[in-house]
Amino acid sequence: MMELIGVSKSFDDKPAIVDLSLRVEDDEYLTLLGPSGSGKSTLLRVLAGFERPEAGRILLNGDDITVRPTHLRGLGIVQQNYALFPHMTVEENVGFGLVNRAQDPVTDPREVARRVAHSLELVGLDGLETRMVGQISGGQKQRVSLARTLITEPKVCLLDEPLGALDANLRERMTVELRKIRKALGVTFFHVTGNESEAIAMGDRMIVLDEGRAIQVAPPDTVFDHPATVRVARFLNAYNLLHGTTEGGVFANGEVQIPVPHGAADVSSVAVRYDAVEMHRDGAEAAGTALKAHFVTSEFMGSKVVYFFKMASGGIFEVERHLSSSDPETFGVGEAVTLSWDGRDVLFYDGRGDLISVAAAKGAA
Amino acid sequence: MVATNASDVRPATAVPAPQESFWARNRHYLLLAPGVVWMVLFLVVPLLMMVYVSFWTQTTFAISSDLTIKSWQTFFASETYFGALLRTLRIWLTVLCLTLLIGYPTALFIGQFVRNKTLQTILLVACVIPFWTSFLIRVLAWRPMLGKEGAVNILLQGMGIIDQPIEVLLFTELSVIIGMVQIYVVFMVGPIAFMLARIDHSLIEAARDLGASSWTIFRKIIFPLSLPGVVVGAIFVSVMVLGEFATASALSGRKVNLLGNIIVTQVGSLKWAFAAVVGVILTAVMAVVITVLLRVVNLRKEL
């Protein structure tokens, strides 16, 4: 188990990580989602020991490793660019840690060969032992890099945007394989990514990092269904956000009026999921909360269609339809459409951008 | 029907694609012509000429094209001349080792520990500043430094480290080596620093993360990846030191004769055949040295 207590790090007085506390459990797949510049790479580098934090402590199984040199930490990092040694074969790369580590290196060449073979088999690369690193593909490099780290049996394996440089096909396959490999080894994966669907699909738990702070730590479905702040809702790329003011128990912003739950007095933003919205052609009867907007364009994404509407305020409202549940609809450009949704699907955020828990609000009332 | 369509269209026998004329296919080789002509006239022909002349008959006042191996016999029989070959090799090896020993750490600092690219460039340029003065001045400046009453001796005596001036400092093999190392070390620093600066820092971080200590990282990652730089630097230094004569004559008081010095004196006294022998030997030594150095690392693959 790894624990971060109040870790802070800044560069030239610009804070990169601010007072971050976090628990990484044994045997879990933890994803960290953050936009670029949110401090996610810095956090990995602090954990790996490449950077020293200004404040806070990092504990690994109870030992303070805050200032312990990288090579004595027992953590493994798989870097975004794979960082394979170009002058060595695949086999030598994978075996590097075992042979060259300062703490109990493996000296028996047969033992090294056996474990390298096992490690390459685990990532599905057996047979490539004697290839030079320059002779293998990007996806294979990624696997070599993973095998090279996993062979050292790290206590926590840090993955820095491991799928970032792969093409879509390969990414999908690696998503499944990374989870499978992790399960087989029982080692904790700490996977850093800027891609929300990756973080949601892969993590047992996910952390949302923003401006150096962990703003939500929860299982992916909780994060997706109840984003803790307006900013999290925005990263997830699945919510329409409407900003306005609340008066007399009704949230209004000029084009829509939504009754707020009792006790939630200062709602200043609401979030409506793309796929919770119904579209009605002009004249049709709309149930629930409704909004008038004009059709702009639609985008066919294979298994789903995304429709874009322009609101009176000029903002864009997105609606998503999965083709498994309904046939695509066609609208003329500029056609007026009424958008409606069930009041229970709306999330309310207060003035500071924090989610107002409906249950808590009801309790207060 | 649809399936047979394709084969209907295709002719029964494949028609060969029209060929470009011989001229059109090979005209790009013309680009080489000026270079080839130049090198043949001024490199290949003189080289062959040198080998040929080395077998000519040399008498005190004249040279004739009657073939003989007398000049070659003289070279290998004479203590002076064969000794010069051995001395040249010894000084070359010493200077090569010293430039590597002094140059590598400097290059390591510039290439790996200076993260700022601008500062890296400034430091490398600083290494070249001594070259803004002429070669002769750089060499001769060592005389007042190393002489019996030179700066080094005065300083050491002043500090009470020695009582008598150290006389071996000037007009010995040592002074030649000191002078050569100072002049040529920069040719070692440059290529090595360049290779070191190209090493991706994430490789070093990866090695450290895999548990390797700094010394292991140097041995297994940094040094092997800088080898092409070492070889290029070694070739620079070798070629220049093996053909040296000016430093040796200026700093040894003509006591230390290298192959280069012998060529200069022999040509000076119009002993062309003998000078050609030494020239052929020097060329052969350089060829062997460069071949061996290139064997150390496959430059084509690394650069």
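Good morning. Of the 365 residues of chain A, 39% count as buried, where buried means that 20 or more other C-beta atoms lie within 10 Å of a residue's own, exposed means 12 or fewer, and partly exposed lies in between, with C-beta atoms placed from the backbone. This is a predicted model, in which local features need pLDDT of at least 70, side-chain atom pairs count only at pLDDT 80 or more, and totals for chains, interfaces and linings use all residues. Residues are numbered from 1 along each chain as its sequence is written, while chains are lettered from A and ligands numbered from 1 in the order in which they are written.

I begin with chain A. Its C-alpha trace spans about 80 × 45 × 35 Å along the principal axes. The secondary structure comes to 9 helices and 21 strands; these are DSSP runs numbered from the N terminus, with helices being H or I of at least four residues and strands E of at least two. Of the contacts in chain A with a separation of 6 or more, 66% are between residues 24 or more positions apart. Two residues are in contact if their C-beta atoms, placed from the backbone, lie within 7 Å.

I turn to strand β8 of chain A, residues 188-193. How many of its residues are buried? The count is 6 of 6. In a regular strand the side chains alternate between the two faces of the sheet. In β8(A), A:Thr188, A:Phe190 and A:Val192 point one way, and A:Phe189, A:His191 and A:Thr193 point the other way. Strand β3 (residues 29-33) of chain A runs parallel to β8(A) and is joined to it by 5 bridges, with A:Leu30 standing opposite A:Phe190. Strand β7 (residues 156-160) of chain A is also parallel to β8(A), again through 5 bridges, and here A:Cys157 has A:Phe189 as its bridge partner. Strands pair if DSSP finds at least two bridges between them.

Two loop residues of chain A deserve mention. A:Asp12 is not a glycine, yet has a positive phi of about 50°; its place is the loop between β1 (2-11) and β2 (14-24). A:Asp12 counts as exposed because it has 5 C-beta neighbours inside 10 Å. A:Asn237, also a residue other than glycine, has a positive phi near 60° and sits in the loop between α8 (230-236) and β11 (239-243). A:Asn237 is exposed, with 11 other C-beta atoms within 10 Å.

Next comes the contact between the chains. It takes 17 residues from chain B and 19 residues from chain A. On the side of chain B, α11 (201-209) and α12 (214-242) each supply at least two residues. Which helix gives the largest share of that side? It is α11(B), with 7 residues. The residues on this side of chain B divide into 8 nonpolar, 4 polar and 5 charged, where Ala, Val, Leu, Ile, Met, Phe, Trp, Tyr, Cys and Pro count as nonpolar, Asp, Glu, Lys and Arg as charged, and the others, Gly among them, as polar.

The buried residues of α11(B) are B:Leu203, B:Ile204, B:Ala206, B:Ala207, B:Arg208 and B:Asp209. Their cover includes α1 (40-48), β6 (76-78) and α2 (90-100) of chain A, together with α12 of chain B. Just after α11(B), B:Gly211 takes a positive phi of about 105°. Thank you.
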